Amino acid sequence: MPLTKTTANPKEFFSKIKSYPNKKLGQNFIKDFRIIDHIAQAAELSEEDEVLEIGPGLGALTFALANKAQRVVAIEKDSKLFEHLRELFNDYTNVEFINQDALKTDYGNFYRGSKLKAIANLPYSVSSPVLFKLLEARQYFSSMVLMLQHEVGERITAPPGGKTYGSISVLLQAYCDITSEFRVSPESFWPKPKVDSVVLKFVPLETPRAEISDDRLFEKVVRAAFSSRRKMLGNSLQSGFSKELVVEALNQSGIDSKRRAETLSVEEFAKLTENISVCS
Ligand code: SAM
């Protein structure tokens, strides 16, 4: 089915319903259809694929996904857009829309035995919590191709040692291979966002990059270490653990307590977590 005029032009759609995109819901719609092709290419879609889309909006990306994949489940929080989408995709038997908050949805419910591909132009307001929710449900996904704020993308892919390297970098890099696919300018959306975007591809690893036996403890260690970037590890880790435990675990890991969190690799964070577990 070709794209309808209404879908292709979000501005026209909102003027027709005498409304305006909801800023709180991060409603910036793609108007450059080349971006949609690039996203579909990055996801390497085939006829056997099952896709979870978060925030289908006016369905521009959804059409491309529905024409390429076997099944598409799309979660849209905005009820007005949800109703519009249901009408628009009336003839499509392979697309299911769910009117829900993607932060309150159990993604495992959509798993029918073959792994899903998550694809989304994420609402910026909730991009990090959605990312962490997808990470938790990674056993159901073979890949995730996600458009995010460029600055968030830089933090996610940052190597150790710099200012942009933080807890989000360590927690995602520990469990996924991440590639930066392409940058997108504000001109590609309506309404125009203030900042550039980037499309990242996440491929969950079969086993974490380093040995991590307790995911929750790993997250607690990483978040404590970065709780105060200016502090040395020996101090920042005390926001989550006792002084004795911190001293002992750093010692056992061969990590100098004067180092700062941003200098530790994923592997060093994993080692520190194992020693915190053993020493406590
Ligand atoms: N996919 C469309 C596109 O690329 O043109 C729209 C993307 S727009 C950046 C984000 C979409 O996510 C909006 O349609 C918005 O209503 C929806 N949204 C925002 N918060 C959401 C949430 N918590 N759960 C599900 N959808 C959400």
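Which helix is Ser-253 found in? Ser-253 is in helix H11, residues 243–253; helices here are DSSP runs of H or I with at least four residues, numbered from the N terminus.

Some ground rules. This is a predicted model, where local features need pLDDT of at least 70 and side-chain atom pairs count only at pLDDT 80 or more, while totals for chains, interfaces and linings use all residues. Residues are numbered from 1 along each chain as its sequence is written, and side-chain values use heavy atoms, with hydrogens and water left out.

Back to Ser-253. With a relative accessible area of 6%, Ser-253 is buried, meaning under 20% with a 1.4 Å probe and protein chains only. Leaving aside neighbours within four places in sequence, Ser-253 is in contact (heavy atoms within 4.5 Å) with Lys-271, Leu-272 and Asn-275.

The next serine is Ser-169, in helix H8, residues 167–173. Ser-169 counts as buried, at 0% relative accessibility. The Ser-169 side chain reaches the backbone oxygen of Arg-155 at 2.6 Å. Again leaving aside neighbours within four places in sequence, the contacts of Ser-169 are Arg-155, Ile-156, Ala-158 and Thr-164.

Last, a helix pair. The axes of H3 (residues 33–42) and H4 (residues 60–68) come within 10 Å and cross at roughly 40 degrees; axes are lines fitted to C-alpha atoms over the stretch in contact, and angles run from 0 to 180 degrees between N-to-C directions. On the H3 side, Phe-33, Ile-36, Ile-39 and Ala-40 meet Ala-60, Leu-61, Ala-64 and Lys-68 of H4.

Terms used. Helix = DSSP H or I, 4+ residues; strand = E, 2+ residues; numbered from the N terminus. Buried < 20%, exposed > 50% of the residue type's maximum accessible area, 1.4 Å probe, protein only. Polar contact = N/O pair within 3.5 Å; in protein donor to acceptor, adjacent residues only side chain to side chain.
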